[in-house]
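This report describes one protein chain for a reader who is new to structures. Please keep the sequence and the 3D view at hand while reading.

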Amino acid sequence: MPEPPDAMAGRAHELLHELGFPAGTADGAHGFQFDESAIDRVVASDHSASRWQTLARARPAVVTFWYRQSPHELVAAAPWYRVSYSDPSWIAGMTGVMLDGRGYVERLDAPPGSAASAETPSALDLDALFRAAGLERTDFRDALPRGSPAGAGEQRVALEGRDREDPPHPLEVELIAHRGRPTVFAVEEPRATGAPPQPSDPSRRATSFVLNTMRPALFLVALFLGAWLARRNLRAGRGDTKRALRWATAMLSIRVLVWLLGGHHTAGSITTQLMTAVAWGLYDFAYGWVFYIAIEPYVRRLWPRLLVTWTRFVDGQLGDARVGRDLLIGCVVGTAMALAVAAHQAAPALLGLPPGRPDNVGYVEDQLASLLGLRYQLAELLWLAHSSAALMMGFVVMLVMSRLVLRRPVVAIGAVAVLFVPLALPKGELLALNLGFAVIVTALLLAVMFRFGLLAGAVALLVHATLESAPLGMGLGSWPTSRTLLVLGLVFGVGVFGFAQSLGGRTAIRDPLQA
(Lines give C-alpha, C1' and ligand atoms only; values in the text may rest on other atoms or scores of the structure.)
Protein backbone atom coordinates (compact mmCIF):
# COMPACT_ATOMS: atom_id res chain seq x y z
CA MET A 1 0.00 0.00 0.00
CA PRO A 2 1.81 3.16 -1.19
CA GLU A 3 -0.48 5.54 0.73
CA PRO A 4 -1.72 5.59 4.34
CA PRO A 5 -5.34 4.60 5.02
CA ASP A 6 -6.66 8.15 5.47
CA ALA A 7 -5.31 9.17 2.06
CA MET A 8 -6.84 6.11 0.41
CA ALA A 9 -10.16 6.82 2.15
CA GLY A 10 -10.14 10.33 0.69
CA ARG A 11 -9.39 8.92 -2.75
CA ALA A 12 -12.24 6.40 -2.43
CA HIS A 13 -14.66 9.15 -1.33
CA GLU A 14 -13.73 11.32 -4.32
CA LEU A 15 -14.02 8.33 -6.66
CA LEU A 16 -17.57 7.60 -5.53
CA HIS A 17 -18.47 11.25 -6.01
CA GLU A 18 -17.01 11.23 -9.53
CA LEU A 19 -19.10 8.16 -10.37
CA GLY A 20 -22.26 10.05 -9.47
CA PHE A 21 -22.93 8.97 -5.89
CA PRO A 22 -23.90 11.60 -3.28
CA ALA A 23 -21.02 13.17 -1.37
CA GLY A 24 -22.88 13.93 1.87
CA THR A 25 -22.92 11.04 4.37
CA ALA A 26 -23.74 10.59 8.05
CA ASP A 27 -21.08 7.99 8.76
CA GLY A 28 -18.18 6.25 7.10
CA ALA A 29 -15.50 3.66 7.82
CA HIS A 30 -12.51 2.09 6.12
CA GLY A 31 -10.07 -0.75 6.61
CA PHE A 32 -8.16 -3.59 4.98
CA GLN A 33 -9.33 -7.04 3.95
CA PHE A 34 -7.20 -10.14 3.46
CA ASP A 35 -8.17 -12.85 0.95
CA GLU A 36 -6.57 -16.07 2.18
CA SER A 37 -8.02 -18.00 -0.73
CA ALA A 38 -5.70 -16.05 -3.05
CA ILE A 39 -2.72 -17.50 -1.18
CA ASP A 40 -4.24 -20.97 -1.52
CA ARG A 41 -4.65 -20.50 -5.28
CA VAL A 42 -0.99 -19.53 -5.66
CA VAL A 43 0.09 -22.56 -3.61
CA ALA A 44 -2.02 -24.85 -5.78
CA SER A 45 -1.04 -23.45 -9.17
CA ASP A 46 2.45 -21.93 -8.90
CA HIS A 47 5.51 -23.89 -7.77
CA SER A 48 8.17 -21.47 -8.94
CA ALA A 49 10.73 -19.78 -6.72
CA SER A 50 9.22 -16.34 -7.46
CA ARG A 51 5.57 -17.22 -6.89
CA TRP A 52 4.98 -14.63 -4.15
CA GLN A 53 6.34 -11.76 -6.24
CA THR A 54 3.17 -11.87 -8.34
CA LEU A 55 1.01 -10.93 -5.35
CA ALA A 56 1.86 -7.23 -5.70
CA ARG A 57 0.05 -7.04 -9.06
CA ALA A 58 -2.43 -9.90 -8.66
CA ARG A 59 -6.07 -9.28 -9.54
CA PRO A 60 -8.16 -9.70 -7.53
CA ALA A 61 -5.73 -8.40 -4.92
CA VAL A 62 -4.70 -10.44 -1.89
CA VAL A 63 -5.08 -7.38 0.34
CA THR A 64 -7.66 -4.76 -0.54
CA PHE A 65 -8.54 -1.42 1.00
CA TRP A 66 -12.26 -0.90 1.54
CA TYR A 67 -14.28 2.24 2.18
CA ARG A 68 -17.95 2.51 3.15
CA GLN A 69 -20.24 5.49 3.57
CA SER A 70 -23.82 5.59 4.71
CA PRO A 71 -26.65 8.08 5.31
CA HIS A 72 -27.17 6.35 8.65
CA GLU A 73 -24.86 5.30 11.49
CA LEU A 74 -22.75 2.22 10.80
CA VAL A 75 -23.26 -0.09 13.79
CA ALA A 76 -21.38 -3.37 13.53
CA ALA A 77 -22.14 -6.55 15.44
CA ALA A 78 -21.19 -7.12 19.06
CA PRO A 79 -18.92 -7.67 20.89
CA TRP A 80 -16.24 -5.81 18.93
CA TYR A 81 -18.35 -3.26 17.04
CA ARG A 82 -15.74 -3.09 14.29
CA VAL A 83 -17.12 -2.15 10.91
CA SER A 84 -16.01 -4.32 7.99
CA TYR A 85 -17.02 -4.37 4.35
CA SER A 86 -19.81 -6.83 5.14
CA ASP A 87 -20.74 -5.74 8.68
CA PRO A 88 -23.21 -4.08 9.11
CA SER A 89 -25.32 -5.54 6.31
CA TRP A 90 -25.79 -3.47 3.18
CA ILE A 91 -29.01 -1.46 2.89
CA ALA A 92 -30.31 1.12 0.45
CA GLY A 93 -28.36 4.37 0.47
CA MET A 94 -25.02 2.85 1.44
CA THR A 95 -22.12 2.95 -0.99
CA GLY A 96 -18.75 1.31 -0.79
CA VAL A 97 -15.68 0.48 -2.81
CA MET A 98 -12.72 -1.88 -2.55
CA LEU A 99 -9.35 -0.76 -3.96
CA ASP A 100 -6.17 -2.67 -4.63
CA GLY A 101 -2.73 -1.42 -3.64
CA ARG A 102 -2.50 0.77 -6.75
CA GLY A 103 -5.82 2.47 -6.01
CA TYR A 104 -7.81 0.64 -8.72
CA VAL A 105 -11.37 -0.48 -8.06
CA GLU A 106 -11.82 -4.17 -7.30
CA ARG A 107 -15.46 -3.92 -6.29
CA LEU A 108 -18.17 -1.29 -5.94
CA ASP A 109 -21.48 -1.70 -4.08
CA ALA A 110 -24.44 0.70 -4.00
CA PRO A 111 -27.73 -1.07 -3.18
CA PRO A 112 -30.69 0.71 -4.77
CA GLY A 113 -33.61 1.97 -2.70
CA SER A 114 -37.25 2.75 -3.35
CA ALA A 115 -36.36 6.37 -4.15
CA ALA A 116 -34.08 5.19 -6.97
CA SER A 117 -37.08 3.78 -8.86
CA ALA A 118 -38.54 7.28 -9.20
CA GLU A 119 -35.34 8.76 -10.62
CA THR A 120 -35.00 9.49 -14.31
CA PRO A 121 -32.94 6.72 -15.93
CA SER A 122 -29.47 7.77 -17.01
CA ALA A 123 -27.00 6.30 -19.44
CA LEU A 124 -24.64 3.75 -17.92
CA ASP A 125 -21.04 4.94 -18.25
CA LEU A 126 -19.04 1.74 -18.60
CA ASP A 127 -15.88 3.56 -19.63
CA ALA A 128 -15.77 5.50 -16.36
CA LEU A 129 -16.02 2.30 -14.35
CA PHE A 130 -13.29 0.62 -16.37
CA ARG A 131 -11.00 3.64 -15.96
CA ALA A 132 -11.58 3.54 -12.21
CA ALA A 133 -10.59 -0.13 -12.29
CA GLY A 134 -7.43 0.59 -14.28
CA LEU A 135 -8.72 -1.41 -17.25
CA GLU A 136 -9.42 -0.67 -20.90
CA ARG A 137 -12.96 -1.30 -22.12
CA THR A 138 -11.64 -2.34 -25.53
CA ASP A 139 -9.73 -5.25 -23.95
CA PHE A 140 -12.98 -6.94 -22.88
CA ARG A 141 -15.75 -8.67 -24.78
CA ASP A 142 -19.32 -9.49 -23.81
CA ALA A 143 -19.97 -12.82 -22.10
CA LEU A 144 -22.91 -14.71 -20.66
CA PRO A 145 -23.50 -14.01 -16.94
CA ARG A 146 -22.91 -17.07 -14.78
CA GLY A 147 -24.08 -17.89 -11.30
CA SER A 148 -26.38 -15.87 -9.10
CA PRO A 149 -26.30 -12.09 -9.44
CA ALA A 150 -24.12 -10.31 -6.89
CA GLY A 151 -26.73 -7.62 -6.22
CA ALA A 152 -30.07 -6.10 -7.15
CA GLY A 153 -30.72 -4.34 -10.42
CA GLU A 154 -32.61 -4.51 -13.70
CA GLN A 155 -29.54 -4.71 -15.92
CA ARG A 156 -26.77 -7.32 -15.70
CA VAL A 157 -23.64 -7.32 -17.82
CA ALA A 158 -20.71 -9.75 -17.87
CA LEU A 159 -17.44 -9.23 -19.75
CA GLU A 160 -14.25 -11.24 -20.20
CA GLY A 161 -10.80 -9.92 -20.98
CA ARG A 162 -7.33 -9.21 -19.65
CA ASP A 163 -5.41 -6.58 -17.76
CA ARG A 164 -2.75 -5.01 -20.00
CA GLU A 165 -0.32 -4.89 -17.07
CA ASP A 166 -0.78 -8.62 -16.42
CA PRO A 167 -1.95 -10.19 -19.71
CA PRO A 168 -1.35 -13.88 -18.86
CA HIS A 169 -4.15 -13.85 -16.28
CA PRO A 170 -7.72 -13.46 -17.62
CA LEU A 171 -10.33 -11.45 -15.74
CA GLU A 172 -14.10 -11.29 -15.53
CA VAL A 173 -16.08 -8.12 -14.90
CA GLU A 174 -19.61 -8.29 -13.57
CA LEU A 175 -21.84 -5.24 -13.60
CA ILE A 176 -25.34 -4.85 -12.22
CA ALA A 177 -27.15 -1.55 -12.69
CA HIS A 178 -30.49 -0.02 -11.77
CA ARG A 179 -31.89 2.80 -13.91
CA GLY A 180 -28.45 3.56 -15.33
CA ARG A 181 -26.62 3.66 -11.98
CA PRO A 182 -24.25 0.79 -11.01
CA THR A 183 -25.28 -1.18 -7.95
CA VAL A 184 -22.48 -3.76 -8.23
CA PHE A 185 -19.22 -3.63 -10.19
CA ALA A 186 -16.74 -6.44 -9.54
CA VAL A 187 -13.41 -7.47 -11.09
CA GLU A 188 -12.93 -11.19 -10.54
CA GLU A 189 -11.01 -14.23 -11.66
CA PRO A 190 -12.83 -16.40 -14.20
CA ARG A 191 -15.11 -18.87 -12.49
CA ALA A 192 -14.01 -22.47 -12.91
CA THR A 193 -16.31 -24.55 -15.09
CA GLY A 194 -15.00 -27.92 -13.89
CA ALA A 195 -13.93 -29.32 -10.56
CA PRO A 196 -11.75 -26.94 -8.56
CA PRO A 197 -8.08 -27.88 -8.29
CA GLN A 198 -7.08 -29.70 -5.17
CA PRO A 199 -4.95 -27.49 -2.92
CA SER A 200 -1.37 -28.67 -2.66
CA ASP A 201 -1.01 -27.37 0.89
CA PRO A 202 -1.80 -30.37 3.14
CA SER A 203 -1.73 -28.22 6.27
CA ARG A 204 -4.92 -26.36 5.34
CA ARG A 205 -7.21 -29.14 6.53
CA ALA A 206 -5.18 -29.62 9.71
CA THR A 207 -5.15 -25.88 10.41
CA SER A 208 -8.88 -25.63 9.86
CA PHE A 209 -9.49 -28.57 12.20
CA VAL A 210 -7.27 -27.07 14.91
CA LEU A 211 -8.79 -23.59 14.72
CA ASN A 212 -12.44 -24.56 14.29
CA THR A 213 -12.67 -27.77 16.30
CA MET A 214 -9.71 -28.62 18.49
CA ARG A 215 -8.97 -25.20 19.96
CA PRO A 216 -12.60 -24.48 21.01
CA ALA A 217 -12.87 -28.01 22.41
CA LEU A 218 -9.71 -27.60 24.49
CA PHE A 219 -10.97 -24.23 25.69
CA LEU A 220 -14.29 -25.71 26.84
CA VAL A 221 -12.58 -28.64 28.55
CA ALA A 222 -10.19 -26.27 30.34
CA LEU A 223 -13.11 -24.03 31.32
CA PHE A 224 -15.10 -26.86 32.93
CA LEU A 225 -12.04 -28.38 34.58
CA GLY A 226 -11.06 -24.96 35.89
CA ALA A 227 -14.51 -24.43 37.39
CA TRP A 228 -14.37 -27.87 39.04
CA LEU A 229 -10.87 -27.30 40.45
CA ALA A 230 -11.83 -23.83 41.69
CA ARG A 231 -14.85 -25.26 43.49
CA ARG A 232 -12.64 -27.86 45.20
CA ASN A 233 -10.14 -25.25 46.29
CA LEU A 234 -12.78 -22.87 47.64
CA ARG A 235 -14.49 -25.62 49.62
CA ALA A 236 -11.11 -26.60 51.08
CA GLY A 237 -10.29 -22.99 51.95
CA ARG A 238 -7.43 -22.82 49.46
CA GLY A 239 -6.73 -20.11 46.90
CA ASP A 240 -5.06 -16.72 46.71
CA THR A 241 -8.18 -14.57 46.39
CA LYS A 242 -6.28 -11.29 46.62
CA ARG A 243 -4.10 -11.93 43.59
CA ALA A 244 -6.99 -13.61 41.78
CA LEU A 245 -8.97 -10.38 42.15
CA ARG A 246 -6.09 -8.34 40.72
CA TRP A 247 -5.70 -10.69 37.78
CA ALA A 248 -9.42 -10.76 37.06
CA THR A 249 -9.59 -6.95 37.19
CA ALA A 250 -6.75 -6.77 34.66
CA MET A 251 -8.65 -9.09 32.30
CA LEU A 252 -11.80 -6.95 32.60
CA SER A 253 -9.83 -3.75 31.99
CA ILE A 254 -8.17 -5.16 28.88
CA ARG A 255 -11.53 -6.15 27.39
CA VAL A 256 -13.00 -2.66 27.92
CA LEU A 257 -9.87 -0.95 26.58
CA VAL A 258 -9.90 -3.12 23.44
CA TRP A 259 -13.47 -2.02 22.74
CA LEU A 260 -12.70 1.61 23.56
CA LEU A 261 -9.65 1.77 21.28
CA GLY A 262 -10.71 -0.56 18.46
CA GLY A 263 -14.47 -0.13 18.12
CA HIS A 264 -16.42 2.09 15.75
CA HIS A 265 -18.38 4.32 18.13
CA THR A 266 -21.53 6.19 17.17
CA ALA A 267 -23.76 8.46 19.23
CA GLY A 268 -26.83 6.29 18.78
CA SER A 269 -25.17 3.03 19.84
CA ILE A 270 -22.59 4.11 22.42
CA THR A 271 -24.76 3.12 25.40
CA THR A 272 -25.44 -0.35 24.00
CA GLN A 273 -21.79 -0.77 23.10
CA LEU A 274 -20.67 0.20 26.61
CA MET A 275 -23.11 -2.21 28.22
CA THR A 276 -21.94 -5.02 25.93
CA ALA A 277 -18.26 -4.27 26.59
CA VAL A 278 -18.82 -4.28 30.36
CA ALA A 279 -20.84 -7.51 30.12
CA TRP A 280 -18.05 -9.26 28.25
CA GLY A 281 -15.55 -7.70 30.64
CA LEU A 282 -17.42 -9.25 33.58
CA TYR A 283 -17.24 -12.60 31.78
CA ASP A 284 -13.47 -12.18 31.49
CA PHE A 285 -13.37 -11.15 35.15
CA ALA A 286 -15.11 -14.37 36.18
CA TYR A 287 -12.96 -16.41 33.79
CA GLY A 288 -9.71 -14.95 35.15
CA TRP A 289 -10.77 -15.25 38.79
CA VAL A 290 -11.97 -18.85 38.49
CA PHE A 291 -8.87 -19.97 36.61
CA TYR A 292 -6.52 -18.30 39.07
CA ILE A 293 -8.28 -19.92 42.04
CA ALA A 294 -8.26 -23.24 40.17
CA ILE A 295 -4.55 -23.46 39.38
CA GLU A 296 -2.71 -21.41 42.01
CA PRO A 297 -2.96 -23.84 44.99
CA TYR A 298 -1.99 -26.87 42.91
CA VAL A 299 0.88 -25.15 41.11
CA ARG A 300 2.16 -23.81 44.44
CA ARG A 301 2.19 -27.39 45.80
CA LEU A 302 3.40 -29.26 42.70
CA TRP A 303 5.70 -26.76 40.97
CA PRO A 304 6.31 -23.83 43.36
CA ARG A 305 9.12 -22.44 41.19
CA LEU A 306 6.61 -21.52 38.49
CA LEU A 307 4.91 -18.96 40.73
CA VAL A 308 7.85 -17.16 42.36
CA THR A 309 8.25 -14.33 39.86
CA TRP A 310 4.60 -14.49 38.74
CA THR A 311 3.28 -13.58 42.19
CA ARG A 312 5.84 -10.79 42.50
CA PHE A 313 4.78 -9.46 39.10
CA VAL A 314 1.08 -9.53 40.03
CA ASP A 315 1.99 -7.71 43.27
CA GLY A 316 3.62 -4.96 41.22
CA GLN A 317 7.20 -5.71 42.26
CA LEU A 318 8.64 -4.76 38.88
CA GLY A 319 11.94 -3.75 40.44
CA ASP A 320 12.62 -7.28 41.67
CA ALA A 321 15.76 -8.77 40.12
CA ARG A 322 14.17 -12.15 39.37
CA VAL A 323 11.15 -10.48 37.77
CA GLY A 324 13.53 -8.52 35.58
CA ARG A 325 15.37 -11.71 34.67
CA ASP A 326 12.18 -13.43 33.57
CA LEU A 327 11.09 -10.41 31.54
CA LEU A 328 14.44 -10.48 29.76
CA ILE A 329 14.31 -14.24 29.19
CA GLY A 330 10.77 -13.96 27.85
CA CYS A 331 11.78 -11.25 25.37
CA VAL A 332 14.75 -13.28 24.14
CA VAL A 333 12.75 -16.49 23.74
CA GLY A 334 9.80 -14.70 22.10
CA THR A 335 12.19 -13.10 19.62
CA ALA A 336 13.74 -16.51 18.93
CA MET A 337 10.27 -17.89 18.20
CA ALA A 338 9.61 -15.05 15.75
CA LEU A 339 12.91 -15.84 14.03
CA ALA A 340 11.86 -19.49 13.87
CA VAL A 341 8.73 -18.39 11.99
CA ALA A 342 10.92 -16.62 9.43
CA ALA A 343 13.12 -19.72 9.20
CA HIS A 344 10.04 -21.86 8.57
CA GLN A 345 9.15 -19.59 5.64
CA ALA A 346 12.68 -19.67 4.20
CA ALA A 347 13.47 -23.36 4.76
CA PRO A 348 11.66 -24.73 1.66
CA ALA A 349 13.60 -22.37 -0.62
CA LEU A 350 16.87 -23.53 0.94
CA LEU A 351 15.87 -27.08 0.04
CA GLY A 352 15.22 -26.10 -3.59
CA LEU A 353 11.43 -26.02 -3.15
CA PRO A 354 8.96 -23.15 -3.58
CA PRO A 355 9.19 -20.62 -0.72
CA GLY A 356 6.82 -21.04 2.22
CA ARG A 357 3.57 -19.21 2.76
CA PRO A 358 3.82 -15.59 3.93
CA ASP A 359 0.89 -16.26 6.29
CA ASN A 360 2.34 -19.45 7.79
CA VAL A 361 1.39 -18.54 11.38
CA GLY A 362 -1.43 -16.12 10.64
CA TYR A 363 -1.55 -12.66 12.30
CA VAL A 364 -2.23 -11.04 8.91
CA GLU A 365 -5.44 -9.45 10.18
CA ASP A 366 -3.56 -8.08 13.20
CA GLN A 367 -0.93 -6.54 10.94
CA LEU A 368 -3.55 -4.94 8.73
CA ALA A 369 -5.48 -3.58 11.72
CA SER A 370 -2.30 -2.00 13.10
CA LEU A 371 -1.90 -0.08 9.83
CA LEU A 372 -5.14 1.83 10.48
CA GLY A 373 -3.65 3.96 13.25
CA LEU A 374 -2.20 4.03 16.73
CA ARG A 375 -5.42 3.33 18.62
CA TYR A 376 -6.19 0.30 16.47
CA GLN A 377 -2.67 -1.02 16.92
CA LEU A 378 -2.88 -0.60 20.70
CA ALA A 379 -6.22 -2.44 20.66
CA GLU A 380 -4.62 -5.34 18.76
CA LEU A 381 -1.65 -5.47 21.15
CA LEU A 382 -3.94 -5.49 24.18
CA TRP A 383 -6.05 -8.27 22.70
CA LEU A 384 -2.93 -10.31 21.96
CA ALA A 385 -2.00 -9.93 25.65
CA HIS A 386 -5.50 -11.09 26.61
CA SER A 387 -5.33 -14.10 24.24
CA SER A 388 -1.85 -15.08 25.42
CA ALA A 389 -2.98 -14.95 29.06
CA ALA A 390 -6.08 -17.04 28.34
CA LEU A 391 -4.01 -19.62 26.42
CA MET A 392 -1.44 -19.84 29.22
CA MET A 393 -4.13 -20.29 31.89
CA GLY A 394 -5.84 -23.00 29.86
CA PHE A 395 -2.52 -24.76 29.40
CA VAL A 396 -1.77 -24.72 33.14
CA VAL A 397 -5.26 -26.02 33.97
CA MET A 398 -4.73 -28.98 31.63
CA LEU A 399 -1.26 -29.48 33.10
CA VAL A 400 -2.55 -29.57 36.65
CA MET A 401 -5.34 -31.97 35.73
CA SER A 402 -2.95 -34.30 33.90
CA ARG A 403 -0.62 -34.29 36.90
CA LEU A 404 -3.46 -35.20 39.26
CA VAL A 405 -4.69 -38.03 37.00
CA LEU A 406 -1.40 -39.46 35.67
CA ARG A 407 0.58 -38.87 38.88
CA ARG A 408 3.99 -38.88 37.19
CA PRO A 409 5.19 -35.33 36.31
CA VAL A 410 7.07 -36.26 33.13
CA VAL A 411 4.15 -38.25 31.74
CA ALA A 412 1.71 -35.43 32.58
CA ILE A 413 3.88 -32.81 30.87
CA GLY A 414 4.28 -35.02 27.81
CA ALA A 415 0.54 -35.67 27.57
CA VAL A 416 -0.31 -31.97 27.69
CA ALA A 417 2.43 -31.17 25.18
CA VAL A 418 0.89 -33.66 22.75
CA LEU A 419 -2.46 -31.92 23.16
CA PHE A 420 -1.06 -28.44 22.55
CA VAL A 421 1.44 -29.19 19.75
CA PRO A 422 -1.36 -29.00 17.11
CA LEU A 423 -2.14 -25.44 18.25
CA ALA A 424 1.37 -24.43 17.15
CA LEU A 425 1.14 -26.05 13.71
CA PRO A 426 1.89 -23.50 10.96
CA LYS A 427 0.59 -23.58 7.39
CA GLY A 428 2.90 -25.05 4.81
CA GLU A 429 3.32 -27.72 2.16
CA LEU A 430 5.90 -29.78 4.08
CA LEU A 431 4.19 -31.69 6.88
CA ALA A 432 7.48 -32.76 8.45
CA LEU A 433 8.67 -29.15 8.59
CA ASN A 434 5.37 -28.00 10.09
CA LEU A 435 5.41 -30.70 12.74
CA GLY A 436 9.06 -30.03 13.56
CA PHE A 437 8.34 -26.33 14.02
CA ALA A 438 5.38 -27.02 16.32
CA VAL A 439 7.33 -29.52 18.44
CA ILE A 440 10.35 -27.21 18.81
CA VAL A 441 8.25 -24.18 19.76
CA THR A 442 6.16 -26.15 22.26
CA ALA A 443 9.24 -27.76 23.80
CA LEU A 444 10.98 -24.38 24.04
CA LEU A 445 8.02 -22.82 25.84
CA LEU A 446 7.81 -25.75 28.26
CA ALA A 447 11.53 -25.61 28.97
CA VAL A 448 11.42 -21.88 29.65
CA MET A 449 8.36 -22.17 31.87
CA PHE A 450 9.73 -24.99 34.03
CA ARG A 451 13.26 -23.57 34.18
CA PHE A 452 12.42 -19.95 34.92
CA GLY A 453 8.73 -19.77 35.72
CA LEU A 454 5.27 -18.98 34.45
CA LEU A 455 6.08 -15.30 33.92
CA ALA A 456 8.94 -16.03 31.50
CA GLY A 457 6.75 -18.40 29.45
CA ALA A 458 3.85 -15.94 29.31
CA VAL A 459 6.13 -13.07 28.24
CA ALA A 460 7.73 -15.26 25.55
CA LEU A 461 4.31 -16.15 24.17
CA LEU A 462 3.22 -12.50 24.18
CA VAL A 463 6.45 -11.18 22.62
CA HIS A 464 6.19 -13.72 19.82
CA ALA A 465 2.58 -12.70 19.08
CA THR A 466 3.50 -9.01 19.30
CA LEU A 467 6.34 -9.31 16.80
CA GLU A 468 4.17 -11.31 14.41
CA SER A 469 1.50 -8.58 14.54
CA ALA A 470 3.95 -5.91 13.32
CA PRO A 471 4.21 -5.10 9.58
CA LEU A 472 7.90 -6.06 9.57
CA GLY A 473 7.91 -6.96 5.87
CA MET A 474 7.36 -3.35 4.75
CA GLY A 475 10.47 -1.32 4.04
CA LEU A 476 11.75 1.28 6.45
CA GLY A 477 11.01 4.79 5.28
CA SER A 478 7.51 3.95 4.09
CA TRP A 479 4.44 5.16 5.99
CA PRO A 480 3.99 1.94 8.06
CA THR A 481 7.46 2.42 9.62
CA SER A 482 6.02 4.01 12.77
CA ARG A 483 3.81 0.96 13.35
CA THR A 484 6.83 -1.33 13.10
CA LEU A 485 9.02 0.85 15.30
CA LEU A 486 6.37 0.94 18.02
CA VAL A 487 6.38 -2.85 18.32
CA LEU A 488 10.17 -3.12 18.14
CA GLY A 489 10.47 -0.33 20.69
CA LEU A 490 8.08 -2.06 23.10
CA VAL A 491 9.90 -5.39 22.90
CA PHE A 492 13.32 -3.75 23.14
CA GLY A 493 12.18 -1.52 25.99
CA VAL A 494 10.82 -4.43 28.05
CA GLY A 495 14.02 -6.39 27.39
CA VAL A 496 16.27 -3.50 28.45
CA PHE A 497 14.12 -2.85 31.52
CA GLY A 498 14.30 -6.52 32.46
CA PHE A 499 18.06 -6.57 31.96
CA ALA A 500 18.54 -3.47 34.11
CA GLN A 501 16.39 -4.85 36.92
CA SER A 502 18.00 -8.28 36.76
CA LEU A 503 21.33 -6.72 37.72
CA GLY A 504 19.91 -5.94 41.15
CA GLY A 505 21.69 -2.60 41.42
CA ARG A 506 25.00 -3.89 40.09
CA THR A 507 26.68 -2.47 37.01
CA ALA A 508 26.63 -4.46 33.78
CA ILE A 509 30.39 -4.01 33.20
CA ARG A 510 32.77 -4.38 36.10
CA ASP A 511 35.30 -1.66 36.60
CA PRO A 512 38.76 -3.32 36.17
CA LEU A 513 40.15 -1.06 38.88
CA GLN A 514 37.64 -2.56 41.33
CA ALA A 515 38.33 -6.15 40.37
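## Helix H8 and its two partners

Helix H12 (residues 431-452) and H8 have axes that come within 11 Å and cross at roughly 175°. That makes H8 roughly antiparallel to H12. Axes here are lines fitted to C-alpha atoms, for helices over the stretch in contact, and angles run from 0 to 180 degrees between N-to-C directions. Angles under 35 degrees count as roughly parallel, over 145 as roughly antiparallel, 65 to 115 as roughly perpendicular, and the rest as oblique. Helices (H or I, at least four residues) and strands (E, at least two) are DSSP runs, numbered from the N terminus. On the H8 side, the residues that meet H12 include Arg325, Ile329, Met337 and His344, and on the H12 side they include Leu433, Phe437, Leu444 and Phe452. Contact means heavy atoms within 4.5 Å. By class, the residues of the contact of H8 with H12 divide into 14 nonpolar, two polar and two charged. In this count Ala, Val, Leu, Ile, Met, Phe, Trp, Tyr, Cys and Pro are nonpolar, Asp, Glu, Lys and Arg are charged, and the others, Gly among them, are polar.

Helix H8 (residues 321-350) also packs against helix H13 (residues 454-468), at an angle of about 40° and with the axes 7 Å apart. H8 and H13 are therefore oblique to each other. Their contact involves, among others, Val323, Gly330, Cys331 and Thr335 of H8 and Leu455, Val459, His464 and Glu468 of H13. The contact of H8 with H13 has 14 nonpolar, four polar and two charged residues. The crossing of H8 and H13 is right-handed. A crossing is left-handed if the near helix is turned anticlockwise from the far one by less than a right angle, and right-handed if clockwise.

## Model and overall layout

This is a predicted model, in which local features need pLDDT of at least 70 and side-chain atom pairs count only at pLDDT 80 or more, while totals for chains, interfaces and linings use all residues. Residues are numbered from 1 along each chain as its sequence is written, and side-chain values use heavy atoms, with hydrogens and water left out.

The protein has 14 helices and eight strands. Its C-alpha atoms fill a box of roughly 85 × 55 × 55 Å, taken along the principal axes. Of the 515 residues, 45% are buried. Buried means under 20% relative accessible area, exposed over 50%, and partly exposed in between (1.4 Å probe, protein chains only). Among contacts with a separation of 6 or more, 70% are between residues 24 or more positions apart.

## Helices H5 and H6

Helix H5 (residues 241-262) packs against helix H6 (residues 270-302) at an angle of about 150°, with their axes 7 Å apart. H5 and H6 are therefore roughly antiparallel to each other. The residues of this contact divide into 18 nonpolar, five polar and three charged. H5 passes H6 in a right-handed crossing.

## Nonpolar cores

A nonpolar core is a set of buried Ala, Val, Leu, Ile, Met, Phe, Trp, Tyr and Cys residues joined through side-chain atoms within 4.5 Å. The largest such core has 66 residues, and those with the most contacts inside it are Trp310, Phe395 and Met449. Helix H10 (residues 374-406) gives the most to this core, with 13 residues. A second, separate core of 43 residues includes Phe32, Leu55, Phe140 and Val173.

Which residues does Trp310 touch, not counting residues up to four places away in sequence? They are Trp247, Tyr292, Leu454, Leu455 and Ala458.

## Backbone exceptions

Most residues other than glycine have a negative phi, and most peptide bonds are trans. A cis peptide bond joins Ala78 and Pro79, with omega about 5°. The bond from Asp87 to Pro88 is also cis, with omega near 10°. Pro79 lies in the loop between strand S2 (63-70) and strand S3 (95-99), and Pro88 is in the loop between S2 and S3 as well.

Arg179 has a positive phi, near 55°. Arg179 sits in the loop between strand S7 (166-178) and strand S8 (181-188), and it counts as partly exposed because its relative accessibility is 24%. Arg407 has a positive phi of about 75°. This residue is in the loop between H10 and helix H11 (409-420). Arg407 is exposed, with a relative accessible area of 61%.
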